[in-house]
Amino acid sequence: MLNLVKKEDFAYRQIRDIKVSDAQQWIMKLHNDGKGYSTITSVRGVVKPAFQMAYNEDIIRRNPFDFKLVDVVPNDSQKRIAMTAEQQELWMSFIREDKTYMKYYDEFVVLLGTGMRVRVLRLTKERFGFCKPKNPRRPSACPGAGRKILCGKNKTECGCRYISMTEEVFQSLNNLLARRKKVKTEIVVDGYNYTCNEILNTLRSMQVTLLSKESGYIPSYRRTDLTDDLHKAFGFHTDYEFISKSAMRSIIKSTKTEEGKK
């Protein structure tokens, strides 16, 4: 999204000069340029919080993107349709037999068999465990449930999450655990376990953008549970606070100092 915005002349205008009509005209321009409704929604999802931060700091009197998107451009996005059982079988047969994708077969089995998101597959071993259903004879909400996966501490306080699974999903999860690379110690951030690759990749992706000399830098990355935990651990918040140019220079200077010591 950031690369898309950088190509637009709108991105280089002063925030205080942007009016509601300017924002709406830019949205219409994106639509006329062939950008889809979902893409425009994502773009506004990045730009609107930036203007909201400027509003909170009394730089502007109103957020110019505080309007309904459907009032400006038509919602021409196509509704997603779930695959049928036959389509799933054809897809899994392709994954199972293809030389390139066959190594991801177990991941697809887990995703299709449980409905979990891809990010769940990045959980460390300590974050989940297996248990049998309390009443095996009682039908489950998920068809074919024989075992369940118990996720550990989650972002809400509603307790643990139980997800029913078939025997095939259970076996695929065990295959993933068997192939998992062993690490000496898991990195813990705010009580959660994350792998080194997760933390490093997240830190590399946490880009910031300079709005103006007066306002400073704002985040231009996607907020996740890991970014929230990193902010809690280090005591600063780039996700909803402006970072002044002087503060950014201090951060860069301290970083170079630490690298020099190494």
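Modeller: Let us begin with accessibility: a residue is called buried under 20% relative accessible area, exposed over 50%, and partly exposed in between (1.4 Å probe, protein chains only). This is a predicted model, in which local features need pLDDT of at least 70 and side-chain atom pairs count only at pLDDT 80 or more, while totals for chains, interfaces and linings use all residues. Residues are numbered from 1 along each chain as its sequence is written, and side-chain values use heavy atoms, with hydrogens and water left out.

Biologist: Is Asp 58 buried or exposed?

Modeller: Asp 58 is exposed, because its relative accessible area is 70%. Asp 58 belongs to the loop between helix 3 and helix 4, where helices (H or I, at least four residues) and strands (E, at least two) are DSSP runs numbered from the N terminus. Asp 58 also has a positive phi of about 60 degrees, although it is not a glycine.

Biologist: Which other residue lies in the loop between helix 3 and helix 4?

Modeller: Gln 78 is placed there. With a relative accessible area of 77%, Gln 78 is exposed. The C-alpha atoms of Gln 78 and Gly 36 are separated by 10.0 Å, although these residues are 42 residues apart along the chain.

Biologist: Is Thr 227 buried or exposed?

Modeller: Thr 227 is buried, because its relative accessible area is 2%. Thr 227 sits in helix 8 (residues 225-234). Leaving aside residues up to four places away in sequence, Thr 227 touches Thr 202, Met 206, Tyr 221 and Arg 222; contact means heavy atoms within 4.5 Å.

Biologist: What do the totals for the protein come to?

Modeller: The protein has nine helices and seven strands. Of its 262 residues, 31% count as buried. Among the contacts with a separation of 6 or more, 53% join residues 24 or more positions apart.

Biologist: How many residues are in the largest nonpolar core?

Modeller: In soluble globular proteins, nonpolar side chains tend to be buried together. A nonpolar core is a set of buried Ala, Val, Leu, Ile, Met, Phe, Trp, Tyr and Cys residues joined through side-chain atoms within 4.5 Å. The largest one here has 25 residues, and Trp 26, Ile 27 and Phe 65 have the most contacts inside it. Helix 1 (2-6), helix 2 (20-32) and helix 3 (37-56) each supply at least two residues of this core, and helix 3 gives the most, with eight residues.

Biologist: Which residues does Trp 26 touch?

Modeller: Trp 26 touches Val 5, Glu 8, Phe 10, Val 43, Val 47 and Phe 65, not counting residues up to four places away in sequence. A second, separate core has 12 residues, including Ile 95, Ile 163, Met 165 and Leu 176.

Biologist: At roughly what angle do the axes of helix 2 and helix 3 cross?

Modeller: Two packed helices are described by the angle between their axes and the distance between the axes. Axes are lines fitted to C-alpha atoms, for helices over the stretch in contact, and angles run from 0 to 180 degrees between N-to-C directions. The axes of helix 2 and helix 3 cross at roughly 150 degrees and come within 11 Å. Helix 2 and helix 3 are therefore roughly antiparallel; angles under 35 degrees count as roughly parallel, over 145 as roughly antiparallel, 65 to 115 as roughly perpendicular and the rest as oblique. Their crossing is right-handed, meaning that the near helix is turned clockwise from the far one by less than a right angle, with anticlockwise giving left-handed. Helix 2 contributes Trp 26, Ile 27, Leu 30 and His 31 to the contact, and helix 3 contributes Ile 40, Val 43 and Val 47. By class, this contact has six nonpolar, one polar and no charged residues; Ala, Val, Leu, Ile, Met, Phe, Trp, Tyr, Cys and Pro count as nonpolar, Asp, Glu, Lys and Arg as charged, and the others, Gly among them, as polar.

Biologist: How far apart are the axes of helix 4 and helix 5?

Modeller: The axes of helix 4 (residues 85-97) and helix 5 are 9 Å apart, at an angle of about 160 degrees. These two helices are therefore roughly antiparallel to each other, and their crossing is right-handed. Helix 4 uses Gln 88, Trp 91, Met 92, Ile 95 and Arg 96 in the contact, and helix 5 uses Tyr 105, Phe 108, Val 109 and Leu 112. Seven of the contact residues are nonpolar, one is polar and one is charged.

Biologist: At roughly what angle do the axes of helix 5 and helix 6 cross?

Modeller: The axes of helix 5 (residues 105-114) and helix 6 (residues 167-179) cross at roughly 140 degrees and come within 9 Å. That angle makes helix 5 oblique to helix 6. The crossing of helix 5 and helix 6 is left-handed. Their contact includes Tyr 105 and Val 109 of helix 5 and Leu 173 and Leu 176 of helix 6. By class, the contact of helix 5 with helix 6 has six nonpolar, four polar and four charged residues.
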